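Please keep the sequence and the coordinates in view while reading.

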Amino acid sequence: MIGTEEKFAAAWKSQWDKMETLGVPATRMRQQADTFGAVALARRILSGRKCSDGFDSLQKKNRLDLTLEALCLQSVYGELFTDDQVNEALNRLMEAGYSFR
């Protein structure tokens with residue numbers, strides 16, 4: 001059975017594929033995830049003040065749904081992140097005008 005961390009990693013990698021079809025590179029994220037692990041990298045990004053790679057480009061393309069910030073808000077991944085990390089993701093998306101559906 002695939003655990004939550006593996007599901008998250010697979011979902012994030014799928015988002016990178018979609019980003020790249022839109023012309024938003026995800027090479028650095030892939031490399032860092034290979035080095036640190038997807039969940040560890042996500043936690044590190046969400047614990048800082050800087051948005052994930054590609055956030056601004058995806059915002060311009062109206063595809064914030066493909067960001068790490070949107071992915072980590074999915075309830076299935078809630079156990080992977082602290083309240084502070086989830087709140088940071090939520091704040092970034094709200095400040096960018098993300099439409100929650």
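A nonpolar core is a set of buried Ala, Val, Leu, Ile, Met, Phe, Trp, Tyr and Cys residues joined through side-chain atoms within 4.5 Å. Buried means under 20% relative accessible area, exposed over 50%, and partly exposed in between, with a 1.4 Å probe and protein chains only. The model is a predicted one, in which local features need pLDDT of at least 70 and side-chain atom pairs count only at pLDDT 80 or more, while totals for chains, interfaces and linings use all residues. Residues are numbered from 1 along each chain as its sequence is written, and side-chain values use heavy atoms, with hydrogens and water left out.

The largest nonpolar core holds 24 residues, of which Phe8, Trp12, Trp16, Met19, Leu68 and Phe81 touch the most other members. Helices α1 (4–21), α2 (27–36), α3 (38–47) and α5 (68–72) each supply at least two residues of this core; helices (H or I, at least four residues) and strands (E, at least two) are DSSP runs numbered from the N terminus. The greatest contribution to this core, 6 residues, comes from α3. A second, separate core of 5 residues includes Phe55, Leu64, Leu93 and Ala96. As a general matter, nonpolar side chains in soluble globular proteins tend to be buried together.

The helix pairs may be taken in turn. α1 and α2 pack at an angle of about 160 degrees, with their axes 10 Å apart; axes are lines fitted to C-alpha atoms, for helices over the stretch in contact, and angles run from 0 to 180 degrees between N-to-C directions. α1 and α2 are therefore roughly antiparallel to each other, where angles under 35 degrees count as roughly parallel, over 145 as roughly antiparallel, 65 to 115 as roughly perpendicular and the rest as oblique. Their crossing is left-handed, the term for a near helix turned anticlockwise from the far one by less than a right angle, with clockwise giving right-handed. On the α1 side the contact (heavy atoms within 4.5 Å) is made by Trp12, Lys13, Trp16, Asp17 and Glu20, and on the α2 side by Thr27, Met29, Arg30 and Ala33. By class, these residues comprise 4 nonpolar, 1 polar and 4 charged; Ala, Val, Leu, Ile, Met, Phe, Trp, Tyr, Cys and Pro count as nonpolar, Asp, Glu, Lys and Arg as charged, and the others, Gly among them, as polar. Leaving aside neighbours within four places in sequence, Trp16 is in contact with Ala26, Met29, Arg30 and Ala33.

Between α2 and α3 the angle is about 115 degrees and the axes lie 7 Å apart. α2 is therefore roughly perpendicular to α3, and the crossing is right-handed. Met29, Gln32, Ala33 and Phe36 of α2 meet Ala38, Ala40, Leu41, Arg44 and Ile45 of α3, giving 7 nonpolar, 1 polar and 1 charged residues.

α3 also packs with α6 (residues 83–95), at an angle of about 65 degrees and with axes 8 Å apart, in a left-handed crossing. Here Arg43, Ile45, Leu46 and Ser47 in α3 meet Gln85, Glu88, Ala89 and Arg92 in α6.

Two individual residues complete the account. Glu6 is found in helix α1 and, at 49% relative accessibility, counts as partly exposed. Asn62 is placed in the loop between α4 (55–60) and α5 and, at 67% relative accessibility, counts as exposed. Although Asn62 is not a glycine, it has a positive phi of about 55 degrees. Most residues other than glycine have a negative phi.
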